[in-house]
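Please look at the place where two chains meet.

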2 protein chains.
Amino acid sequence: MCDHHLVKTIHGHHCHNGWDNSNPPAAHVAPGTTLEFNCHDSSAGHFSAASTLGDVLTMPFDKINPVTGPIFVDGAAPGDILKVTIDSFKPSGFGWTANIPGFGLLADQFKEPALALWHYERDTLAPAAFGQFAKVPLKPFAGTIGVALAEPGLHSIVPPRRVGGNLDIRDLSAGTTLYLPVEVAGALFSIGDTHAAQGDGEVCGTAIESAMDVVVTLDLIKDTPLAMPRFSTPGPVTRHLDAAGYEVCTGIGPDLMKAARDALSGTIDWLCREHQMPAEQAYMLCSVCGDLRISEIVDMPNWVVSFYFPKIVFS
Amino acid sequence: MCDHHLVKTIHGHHCHNGWDNSNPPAAHVAPGTTLEFNCHDSSAGHFSAASTLGDVLTMPFDKINPVTGPIFVDGAAPGDILKVTIDSFKPSGFGWTANIPGFGLLADQFKEPALALWHYERDTLAPAAFGQFAKVPLKPFAGTIGVALAEPGLHSIVPPRRVGGNLDIRDLSAGTTLYLPVEVAGALFSIGDTHAAQGDGEVCGTAIESAMDVVVTLDLIKDTPLAMPRFSTPGPVTRHLDAAGYEVCTGIGPDLMKAARDALSGTIDWLCREHQMPAEQAYMLCSVCGDLRISEIVDMPNWVVSFYFPKIVFS
């Protein structure tokens with residue numbers, strides 16, 4: 001929690017599905033206030049340690065990804081920036097990763113549901129076992145973090161937008177400061193969809209989905225335009241993953257999306273061949289620890305997207 | 001050079017422009033041979049310490065990006081993999097970065113030529129001064145590294161392809177092993193376009209372009225299909241850049257290319273505003289040290305591309 005003084009806890013029943021600037025605030029706070037949010041996992045508690053594969057198909061899609069809030073920040077007005085200092089995470093110790101049919105970068109190839117359950121040390125955050133296959137380093141963050149849109153009405157929680165939301169940015173972890181453009185009076189900040197670990201891309205569509213308490217400090221920068229979310233990390237972002245180097249497959253061509261799919265497919269093939277993993281397990285493992293990077297985007301007409309798989313998970 | 005025994009030097013006059021499987025080999029070698037290549041910079045020596053802005057417009061585009069080679073590897077046949085162990089680099093100490101009109105991720109916004117010249121310590125590879133603005137950590141690699149295509153005729157050197165070529169992958173540095181699919185007898189390996197530093201994306205279209213001698217070992221893995229280049233790094237890939245953390249701007253939307261452009265534009269705006277840099281200097285600095293990453297590619301219909309700018313260059 002750094003040097004911030006915790007003022008208030010926002011309990012999990014103060015949650016909403018989707019973004020709507022008419023949602024009643026869970027609290028009004030002064031700029032500079034530090035708050036703890038009880039965040040649900042993205043299934044809203046649907047999965048438990050007793051869950052089985054069939055539970056993937058009975059997910060309540062109208063209730064997914066509830067976010068805790070919204071918080072009305074006194075004095076926040078359109079044209080301001082909401083400065084969100086991400087202080088700390090208290091994870092639950094239980095998590096899940098799923099392949100949900102119709103969702104994910106290779107949805108056309110992985111049409112059957114898959115489910116992995118995780119039990120990790122909530123205090124030490126030691127690397128977590130992925131079955132007998134791998135151990136995945138953890139770095140908790142909130143997948144969904146944002147403010148209300150100016151446009152009235154209910155907006156789906158699924159896509160991220162210029163005001164943030166379901167950003168799924170792996171490095172919005174403890175110590176990072178996030179800047180969001182304010183579009184309505186009070187900003188109306190909400191947070192949820194907490195993840196114990198994820199790679200850049202979140203390629204199978206889910207991370208290590210896990211309920212957590214999150215402490216953040218909300219402050220204002222008045223009258224400063226901002227087009228898109230911006231953030232600043234206090235230090236390195238991949239040292240929990242990089243010590244043993246990476247196995248990298250590339251995708252090359254004129255379409256970044258196809259190149260990303262090819263790079264991921266190459267990595268899944270490699271995991272199946274070299275580490276005897278079933279393909280759907282490899283796909284989920286890639287999602288929680290591997291990174292999609294754009295290696296070059298200027299050598300017309302072909303770009304290179306690379307999938308960086310961290311070898312440390314096998315050590 | 002690891003434990004490899006240097007057998008032969010391939011001098012710089014053994015170079016070619018473009019890929020053509022009828023190019024006569026510069027040498028025939030047995031699998032397992034270690035070779036030193038004298039690599040030209042991508043301007044084929046057009047730029048020197050005395051160069052000025054006007055020299056950008058007189059670049060000989062028909063002669064750019066000469067690669068040294070090709071090398072005929074005895075026994076290599078279509079369906080094999082050429083295993084390239086990247087042993088070491090001996091950089092020249094001089095380099096250049098340019099904005100070349102019509103080329104680069106923001107070519108529509110940066111229409112005027114720009115040029116930066118670099119003088120760096122070729123032995124210590126200490127971070128190199130970018131004018132009075134920044135100091136950029138160095139990590140030499142070959143931008144262009146590949147084998148001949150099966151298709152006859154001359155193919156432009158500019159785009160990378162399934163057989164490698166102008167990959168511009170920042171992590172093809174000393175210690176990395178690269179795997180390339182062989183498509184013609186002898187593989188016909190060539191290398192060049194050496195860079196002293198580059199970020200993921202090479203966003204302005206050039207890196208720290210710099211002539212170097214490169215030592216690699218060429219070996220064969222017989223009868224193993226490979227769809228796209230693959231590589232394995234021996235350890236971390238960004239520790240020369242990450243110690244002070246990153247300033248990150250995002251681009252969010254349904255098109256990865258536009259999102260990448262927005263993330264870069266946000267970063268350039270931030271550099272201009274917070275570090276008083278002229279925009280074209282910021283653009284070139286981003287190209288030599290900043291990284292394009294795909295933060296999420298599954299939250300339909302909007303993806304997040306992030307540009308990671310390493311704060312260490314200002315420390």
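Strand E18 (residues 291-296) of chain A and E18(B) run antiparallel and are joined by 3 bridges; two strands pair if DSSP finds at least two bridges between them. A:Ile294 stands opposite B:Leu292 in E18(B). This is a predicted model, in which local features need pLDDT of at least 70 and side-chain atom pairs count only at pLDDT 80 or more, while totals for chains, interfaces and linings use all residues. Side-chain values use heavy atoms, with hydrogens and water left out.

**Extent**
- The contact (heavy atoms within 4.5 Å) takes 67 residues from chain A and 67 residues from chain B.
- About 5200 Å² is buried between chain B and chain A, and carbon and sulfur atoms give 57% of that area. Buried area is the accessible area (1.4 Å probe) that two parts lose on being put together, summed over both.
- On the side of chain B, the residues that lose the most area to chain A are B:Arg230, B:Ile294 and B:Val298, together 11% of what that side buries.

- A salt bridge joins the side chains of B:Arg230 and A:Glu247 (2.2 Å, N to O).

**Elements on the side of chain B**
- Strand E16 (230-232), strand E17 (246-253) and helix H2 (256-275) of chain B are among the elements that give two or more residues to the side touching chain A. Helices (H or I, at least four residues) and strands (E, at least two) are DSSP runs, numbered from the N terminus.
- E17(B) gives the most to that side, with 7 residues.

Note on methods: Residues are numbered from 1 along each chain as its sequence is written. Chains are lettered from A and ligands numbered from 1 in the order in which they are written. A salt bridge is a side-chain nitrogen of Lys or Arg within 4 Å of a carboxyl oxygen of Asp or Glu.
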